[in-house]
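Colleague: Could you take me through the helix faces and the ring contacts of this model, one step at a time?

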Amino acid sequence: METLLEQEEGQLDRVDSLPDADLASTSSGLSFVLTTEDSRSTTSSGDISTSSGEIPVIPVDEAAVPRLVGPIPSIEDLTATPTARLKCVGRNNKGVSWGLTSVIGRRREMEDAVAVKPGFMSRTCDHVGGCMAPGSRTSAEISPLHFFGVYDGHGGSQVAKFCAERMHEVIAEEWDRETIDECEWQRRWEVAFSSGFKRADDEVMTEASAPEMVGSTAVVVVLSGCQIITSNCGDSRAVLCRGTETIPLTVDQKPDRQDELMRIEGEGGKVINWNGARVFGVLAMSRAIGDRYLRPWIIPVPEITFMTRTDEDECLILASDGLWDVMTNEEVGEVARRLLRRRRRSLMVEEVSPAQVVADNLTEIAYGRNSSDNISIIVVDLKAKKKRQLRQQTRE
């Protein structure tokens, strides 16, 4: 007898051979209409919204691009200095495409929200920090940084919607406010994210008028030319597909995680097993934006990770627990790699990006596995489009 994963693999083979318009009703029998919207749209209407796109090239005034100053190196200098040939992995971060889905699923209310903000900041790779070729020509060129966020609300949708509309602005403002030395770039991002999440939490009470019992997870990724910077509050999750590996970029903040349990009990709180571990039997996560009535046990303090990009990187996947409750990291990574590589090999001119195909199919599989929650997924294709086009041209 075939395992469930083997059956779904067969479904993927069949789904991939169908026109993209048929993807919405294939693997699970779920029928809904897919609509393509602007990259800044969020999903608050109820049933489903999908969106895909490519990160636009951000025009930069030639006079504004800083140039390296110094004598022209000799041939001997170039051959003696291997770093002269190095380039930023992201090649100015211009070749990134993405796809997303956000569905109400089996819930009565849509409480998830998503955000994709291409070029939400523009800086040199040297200035941002973590450049793999410091001092090179590419490291001194102004290039865009991209922002991706998934917010899973509980008790209502107000906090998740507010985060989707405001979080990227707050993070950019906090990063600009910091004066930490550039050689401590990781510390600068940590402070910016920590301050930004706290500011968002404070503003929710005044600007969003959210009740004290409403909150939201927040998993966000800032993508620079050389770094993947992830900040997480709650049990939404981000993973990186690199080669044949699926690398977790976040660790779920659950009340029964040993360090979180000790923190909660140290503050006089209790973790009760009520349909899973919950803070005072109420909330199944230990950190979130909002949830003022559960302070100090529920806190808006993010955990931040840094991952250096490589040429082996396939894609990023950010999702709410509507996906992760029914699929493991490895299963999600396997599906993503198979579909991405298959679609990239295709010589057809596609209206739907490979990243969107992955997001659509992961949503279908999660629903088919009886996910009981809203399902929101962002897939970021990290392979440059220029390389994909070059491979296709060589086959023609």
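Modeller: In this predicted model, the face of helix H6 that is turned away from its buried side carries the exposed residues Gln 258, Met 262 and Gly 266.

Colleague: Which strands do the buried residues of H6 pack against?

Modeller: The buried residues of H6, which spans residues 258–266, are Glu 260, Arg 263 and Ile 264. Because they cover an arc of only 95° around the axis, they lie on the same side of H6. The elements that these buried residues pack against are strand S10 (271–273) and strand S11 (277–279).

Colleague: What is the angle between the planes of Phe 193 and Phe 197?

Modeller: The structure holds six aromatic pairs, and one of them joins Phe 193 and Phe 197 at 6.4 Å centre to centre. Because these two residues are four apart in helix H5 (residues 185–207), about one helical turn separates them. Both Phe 193 and Phe 197 are buried. Planes over 60 degrees apart count as edge-to-face, and this pair is edge-to-face with an angle of 80°.

Colleague: Which residue lies over the face of Trp 175?

Modeller: Trp 175 belongs to a cluster in which ring pairs also link Trp 189, Phe 193 and Phe 197. Elsewhere, Arg 106 lies over the face of Tyr 367, at 3.9 Å from the ring centre. Over the face of Trp 175, at 3.8 Å from the ring centre, lies Arg 188.

Methods:
Residues numbered from 1 in each chain as written. Predicted model: local features only at pLDDT ≥ 70, side-chain atom pairs only at ≥ 80, totals over all residues. Heavy atoms only, no water. Phe/Tyr/Trp six-rings, centres within 6.5 Å; stacked < 30°, edge-to-face > 60°. Buried < 20%, exposed > 50% of the residue type's maximum accessible area, 1.4 Å probe, protein only. Lys NZ or Arg CZ within 6 Å of the ring centre and 35° of its normal. Arc of directions from axis to C-beta. Contact = heavy atoms within 4.5 Å.
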